[in-house]
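Please describe the fold of this chain and a few of its side-chain contacts. A short report with one table will do.

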Amino acid sequence: MKQGILSLLIFAFSGCAFLSKEPGRPPKIDGVPVPDSKRMIYIQNVRNNTYSPGMHTRLTQMIMEEIDRRGRFITTREKTLAKYRLYAEIVHYQQVGDLMDLADRQITSELFVVTRVEIIEAETGNKIPMERSEIPGRVHFSTQIGFRESELEAQNRLLRVMALRIAEESERAWYYSLSGNLN
């Protein structure tokens, strides 16, 4: 028991990257790690052009968390330090009733969101080409049957998936722009 606690304390105070929030392994191009100066990204607050309030602030936070978790970019809140800037905008939000009861009340619903995303190189202002500039997301939910959840809970689930897709698409476009490999 004492050895377990001792080894845990040694691990905690050894300054390991896990506890000091150091970015994950940097990606490599031809075996050479990408320098930190080329990994700095500023994430602009997501714009919301829909009637659903608050989604943009939650999506911004989730994108930041996902990019930090993945560790390929280094996020900064100082716009002038960033080599790249990520801009996103929620352009479509729709809730549609899928399954209706005999009184025409919704039993299950579907949420559909489209987010427009672009990465811009800070120094030149050039857009980095992405596979797709609009990223869709869809989720089904019900307040009455099966796994019950509210619209807000379904939105959060949808936004987590959207943040993952945005981070993945952004990293892929960024990496291909650096490596010149378009496979």
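Helices (H or I, at least four residues) and strands (E, at least two) are DSSP runs, numbered from the N terminus. The chain has four helices and nine strands, and along the sequence these follow the pattern α-α-β-β-β-β-α-β-β-β-β-β-α. The model is predicted: local features need pLDDT of at least 70, side-chain atom pairs count only at pLDDT 80 or more, and totals for chains, interfaces and linings use all residues. Residues are numbered from 1 along each chain as its sequence is written, and side-chain values use heavy atoms, with hydrogens and water left out.

Buried means under 20% relative accessible area, exposed over 50%, and partly exposed in between (1.4 Å probe, protein chains only). Of the 183 residues, 37% count as buried.

| Residue | Relative accessibility |
|---|---|
| Phenylalanine 73 | 2% |
| Glutamate 110 | 14% |
| Tryptophan 174 | 1% |

Glutamate 110 lies in strand 7 (residues 106-121). Its side chain makes a polar contact (N or O atoms within 3.5 Å, one able to donate a hydrogen and the other to accept it; residues adjacent in sequence count only if both atoms are side-chain atoms) with the side chain of arginine 138, at 2.3 Å.

The whole structure holds three aromatic pairs. Rings of Phe, Tyr and Trp (its six-membered ring) pair if their centres lie within 6.5 Å; planes under 30 degrees apart count as stacked, over 60 as edge-to-face and the rest as tilted. One of the pairs is phenylalanine 73 with tryptophan 174, tilted, at 4.7 Å centre to centre and 50° between the planes. Phenylalanine 73 is in the loop between helix 3 (55-70) and strand 5 (74-76), and tryptophan 174 is in helix 4 (residues 151-179), 101 residues apart.
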